[in-house]
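I opened a notebook page for this structure. Below is what I looked up, one entry at a time.

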Amino acid sequence: MISKSSISKKLYTGLWSIPLPLWFTLFFVGPILLLFWLSFWDVKNFVMVPGFNLDNWEKILGANYFWSAYTRTILFALGTAILTTAIAFPASLTIAYLMPLKARLVVLGLIIVPFFTSYLVRIYSWQVYLSENGIIQNAFSYIGINIASMLNSPLALYIGFVTLTLPLAIIIQSISVLSLDKSLIDAAYNLGCGPKRIISAVIIPAAKPGIIIGALFVFIFSFGDFVTPTYLGGGKYTTLSILIADTVKSGQQWPRAAVISVIMIITLLITAMCSIAYAYRKR
């Protein structure tokens, strides 16, 4: 027989667990369902009309410009994830193993500082460096090398994406590397493994969840970023975020913009599930 105290404890636990699923439903599941429903509406005389038809989906999925923007967005996000991970991993190793505790705390604190500044302000500052007659171009001209403006180029976009995501990737990887069992490294060293072998055979496999989760966050942030393609790419390289804005401006086509948004969400959910499954897959 279940006692009253046991029932009260379960009821108390249940009441405290309600806010999380309620918040998740109201601010994640609810908006996604609304967005999905909106994608079947129609626009007449610049006014959205509730309905249920597949015209918006057929129009977007059958458009070459959509698939071009979709491919470009994935390639930029994937390239940024690889580049940022390659930069962040040596930095996280340095923080974890080559710095004393006080220096480590200072460096991690400095890495967090960029989050105190508006991302838009940081992107504007890059325009000063990358534009024609900017700081970088003038610096090369000073040593006799003439280069073209780097603004509105793929390089500028990668710089913006890395600016956005690098601090987060370093923090996630540093936490993962710092949590490793140091005895594994000592054992590998005692068995005659050199630094390269220890990194490839011990540290990377053990820190794989942190490396992949960090890369996943980089991919997600880059995939949906609107600021960098707009201000460092000049809108020249149409990504899905820019395509959404252009679709809304073109005849108030909110339902078609909703179609693009739903496809972006589905893509990110599939990417996240596959990445997490791979990160925690047992060998």
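Before naming any element I noted how they are assigned: helices (H or I, at least four residues) and strands (E, at least two) are DSSP runs, numbered from the N terminus. This is a predicted model, where local features need pLDDT of at least 70, side-chain atom pairs count only at pLDDT 80 or more, and totals for chains, interfaces and linings use all residues. Residues are numbered from 1 along each chain as its sequence is written, and side-chain values use heavy atoms, with hydrogens and water left out.

**Entry: positive phi**

I looked up the background before the cases. Most residues other than glycine have a negative phi, and most peptide bonds are trans.
I found that Asn133 is not a glycine but has a positive phi of about 60°. Asn133 sits in the loop between α6 (119-130) and α7 (135-142).
I then looked up its cover, using these classes: buried is under 20% relative accessible area, exposed is over 50%, and partly exposed is in between (1.4 Å probe, protein chains only). Asn133 has 57% relative accessibility, so it counts as exposed.
Asn45 also has a positive phi, near 55°. I located Asn45 in the loop between β1 (42-44) and β2 (47-49). Its relative accessibility is 73%, so Asn45 is exposed.

**Entry: helix α2**

How far apart are the end C-alpha atoms of helix α2? I took the expected span of a helix as 1.5 Å times one less than its number of residues. Helix α2 covers residues 19-38, and its 20 residues should span 28 Å; the end C-alpha atoms are 27 Å apart, so the two values agree.
I also looked for a bend, which is the angle between axes fitted to the seven residues ending at a residue and the seven starting there. Helix α2 has a kink of about 40°, centred on Thr25.

**Entry: a nonpolar patch**

Which residues form a nonpolar patch on the surface? For the patch rule I wrote down that members have over 30% relative accessible area and no salt bridge, with like charges joined within 9 Å and nonpolar side chains (Val, Leu, Ile, Met, Phe, Trp, Tyr) within 5 Å. A salt bridge here is a side-chain nitrogen of Lys or Arg within 4 Å of a carboxyl oxygen of Asp or Glu. Accessible areas come from the Shrake-Rupley method with a 1.4 Å probe, and for residues only the protein chains shown count as cover.
The patch consists of Leu11, Leu15, Ile18, Leu22, Trp23, Leu26 and Phe27, and together they have about 790 Å² of accessible area. Two or more residues come from each of α1 (4-17) and α2. Helix α2 gives the largest share, four residues.
I checked one member, Trp23, which lies in helix α2. Trp23 has a relative accessible area of 58%, so it is exposed.

**Entry: cysteines**

How many disulfides does a search of the whole structure find? I counted a disulfide as a pair of cysteine sulfur atoms within 2.5 Å. The search finds zero.
Cys193 is partly exposed because its relative accessible area is 23%. Cys274 is partly exposed as well, at 49%.

**Entry: pairs apart in sequence**

I looked up Ser174 in helix α8 (residues 154-178). Ser174 is buried, because its relative accessible area is 1%.
Tyr237 is in the loop between α12 (227-231) and α13 (240-249). Tyr237 has a relative accessible area of 17%, so it is buried. Tyr237 and Thr73 are 164 residues apart in sequence, and 9.1 Å apart in space from C-alpha to C-alpha.
Lys44 belongs to strand β1 and is partly exposed at 49% relative accessible area.
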